[in-house]
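Please look through the structure below with attention to its pockets and its salt bridges. The report that follows takes these two topics in turn.

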Amino acid sequence: MRRRIIAGNWKMHNNISESQNLVSKLVSGLTNQNLIREVIICPPFTSLCEISNLLKDTKVELGAQNMHFEEKGAFTGEISSDMLKSVGCKYVILGHSERRTIFGETDELISKKIKKALTSDLTPIFCIGESLEQRENGTTNDVIKRQVLEGIKDLTEEEVNKIIIAYEPIWAIGTGKTATPEQAQEVHKFIRSILTETFSETVSEKIPILYGGSVKPNNAEDLLAKEDIDGALVGGACLEAESFISIIKA
Ligand code: PEP
């Protein structure tokens, strides 16, 4: 059976005290719960160290929202995989549409980051997704295929087995517009077919594919019930412990 995962992307929210507050509520709300899903939170860099301490002895895992592909050097403002590992991160979100559209990250750059994360023993949560325009002009599958193939192009089968993919249609992120469970399932199934073609069915059946884009307590259950949707990457709704917990339990 595939891993089932709920990951929270805090984006640029929460200073240290706000982070501590949210994490304590989250941890106490999850204590003694029999969870069927793994839980990952991805706070901003400045809170990682503090939160890492708060998550010791809990089942919640830590991830970052970005990293550079080089080991170290003159890259002002950047963060390396080694730095993330040293504060206790096991995961890193890569290729988020906000990184692609606002900060100009290309498929090529994202593929280097994915390779670096894997060789550093960090699990990439590799995000892909089409824009509204691309969906409307019928090129969703072309865009998804290009993003998947470019992102994994330098990976060995052993490496690709370790990634998590997040399908996040751009038109659904932070907009309150969610893809219907059927729309999401269709793309997830398509992603699995690309993985089967490129590697094998064993690989495609193993890789968790999360859905992201306005996942809320009231729509999580229907989305997560779909065969190829193995979890969710949650933005806005992970900033409140209560709503994140109800998605985790959905
Ligand atoms: C995200 O940023 O990855 C995301 C899915 O955001 P939201 O849930 O707010 O749409």
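## The largest pocket

By class, seven nonpolar, four polar and three charged residues make up the lining of the largest pocket, where Ala, Val, Leu, Ile, Met, Phe, Trp, Tyr, Cys and Pro count as nonpolar, Asp, Glu, Lys and Arg as charged, and the others, Gly among them, as polar. This is a predicted model, in which local features need pLDDT of at least 70 and side-chain atom pairs count only at pLDDT 80 or more, while totals for chains, interfaces and linings use all residues. Residues are numbered from 1 along each chain as its sequence is written, and side-chain values use heavy atoms, with hydrogens and water left out.

Helix α4 (residues 97-102) gives the largest share of this lining, three residues; helices are DSSP runs of H or I with at least four residues, and strands are runs of E with at least two, numbered from the N terminus.

## Salt bridges

The structure holds 20 salt bridges, each a side-chain nitrogen of Lys or Arg within 4 Å of a carboxyl oxygen of Asp or Glu. One of them joins Asp228 to Arg2, with the closest N and O atoms 3.8 Å apart. Asp228 lies in the loop between α11 (217-224) and β8 (231-234) and Arg2 in the segment before β1 (5-9), so this pair ties together parts that are 226 residues apart in sequence.

Glu98 and Lys11 also meet through their side chains in a salt bridge (2.8 Å, N to O). Because Glu98 lies in helix α4 and Lys11 in the loop between β1 and α1 (16-30), the pair links parts 87 residues apart in sequence.
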